[in-house]
Amino acid sequence: MDLYVAVKMIHILSGAVLFGTGMGIAFFMVWANRGRDPAAVAHVAGTVVVADALFTAVAVIVQPLSGLALIHLQGYALTEPWLLWAYDLYVLTGACWLPVVAIQIRLRDLARAAAATGAPLPDRYDRLYRVWLALGFPAFAAVLAIYWLMIAKPA
């Protein structure tokens, strides 16, 4: 396997991990929240925090590194318009993801505290959950747009 194919494979797989982990995290958090069981939410949110650290964070680092290598290997200029859009969308995704990570940790902690005392999820949990959910929509749309840019490479 030549270098280009290896780097492209890494880039595609890390993109799939980034997208797939994000979708999985969103699904399981929404599903757990629907049941309103603090112990279940605490367990799922705890798993989500670990998944973000193990998978999403690694993919967030691998994506730009492998992308820059592909740009170089294919001879594109760093300032191709479609690449500039991709960079902006990647920054937007990160601007949504970073607070989401902090919110997930807080949601986990609030759910653990509620489960430990037998209390329902507090109002603070609900407010943070709504922010967490709202941040997911622009991040998801941005990732889809990045996929489109990588495939279409519009002029």
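Me: Is Arg 36 buried, partly exposed or exposed?
Reply: In this predicted model, Arg 36 sits in the loop between α1 (3-35) and α2. Buried would require under 20% relative accessible area and exposed over 50%, with partly exposed in between. Because the relative accessibility of Arg 36 is 33%, the residue counts as partly exposed.

Me: Which residue forms a salt bridge with Arg 36?
Reply: Side chains of opposite charge can pair when their charged atoms come close. For Arg 36, the closest N and O atoms of the pair are 2.8 Å apart, where the criterion asks for a side-chain nitrogen within 4 Å of a carboxyl oxygen. The carboxyl group is supplied by a residue in helix α4, and the partner that forms this salt bridge is Asp 126.

Me: Is Asp 126 buried or exposed?
Reply: The cut-off for a buried residue is under 20% relative accessible area. Asp 126, the salt-bridge partner of Arg 36, has a relative accessibility of 18%, and therefore it counts as buried.

Me: Which residue forms a salt bridge with Arg 108?
Reply: The count of salt bridges comes to 2, one of them being Asp 126 with Arg 36. Arg 108 is buried, at 16% relative accessibility, and it takes part in a salt bridge whose closest N and O atoms are 2.9 Å apart.

Me: Which helix gives the largest share of the positive patch?
Reply: Arg 106, Arg 124, Arg 127 and Arg 130 gather in a patch of positive charge on the surface. Among them, Arg 127 is partly exposed, at 43% relative accessibility. The largest share of the patch amounts to 3 residues, and these come from α4.

Me: About how much accessible area do Val 17, Val 50, Leu 54 and Phe 55 have together?
Reply: These residues form a nonpolar patch on the surface, to which α2 gives the most, with 3 residues. Phe 55 lies in helix α2 and is partly exposed, with a relative accessible area of 45%. Taken together, the accessible area of Val 17, Val 50, Leu 54 and Phe 55 is about 350 Å².

Me: Is Thr 56 buried or exposed?
Reply: Thr 56 is found in helix α2 (residues 38-74). Leaving aside neighbours within four places in sequence, its contacts are Leu 18, Thr 21, Ile 25, Ala 51 and Trp 97. The relative accessible area of Thr 56 is 4%, where buried means under 20%, so this residue is buried.

Me: How far apart are the C-alpha atoms of Tyr 129 and Gly 24?
Reply: Tyr 129 is found in helix α4 and is buried, with a relative accessible area of 9%. Not counting residues up to four places away in sequence, Tyr 129 touches Met 29, Val 30, Asn 33 and Leu 107. Along the chain Tyr 129 and Gly 24 are 105 residues apart, and the separation of their C-alpha atoms is 16 Å.

Me: What share of the contacts with a separation of 6 or more comes from residues 24 or more positions apart?
Reply: The protein chain has 4 helices and 0 strands, following the pattern α-α-α-α along the sequence. Its C-alpha atoms fill a box of roughly 60 × 30 × 20 Å along the principal axes. Of the contacts with a separation of 6 or more, the share from residues 24 or more positions apart is 79%.

Technical notes: Residues are numbered from 1 along each chain as its sequence is written. This is a predicted model: local features need pLDDT of at least 70, side-chain atom pairs count only at pLDDT 80 or more; totals for chains, interfaces and linings use all residues. Side-chain values use heavy atoms; hydrogens and water are left out. Helices (H or I, at least four residues) and strands (E, at least two) are DSSP runs, numbered from the N terminus. Buried means under 20% relative accessible area, exposed over 50%, partly exposed in between (1.4 Å probe, protein chains only). Contact means heavy atoms within 4.5 Å. Patches are made of residues with over 30% relative accessible area and no salt bridge: like charges are joined within 9 Å, nonpolar side chains (Val, Leu, Ile, Met, Phe, Trp, Tyr) within 5 Å. Accessible areas come from the Shrake-Rupley method with a 1.4 Å probe; for residues, only the protein chains shown count as cover. Lys and Arg count as positive and Asp and Glu as negative; His and the chain ends are not counted. The place of a charge is taken as NZ of Lys, CZ of Arg, CG of Asp or CD of Glu.
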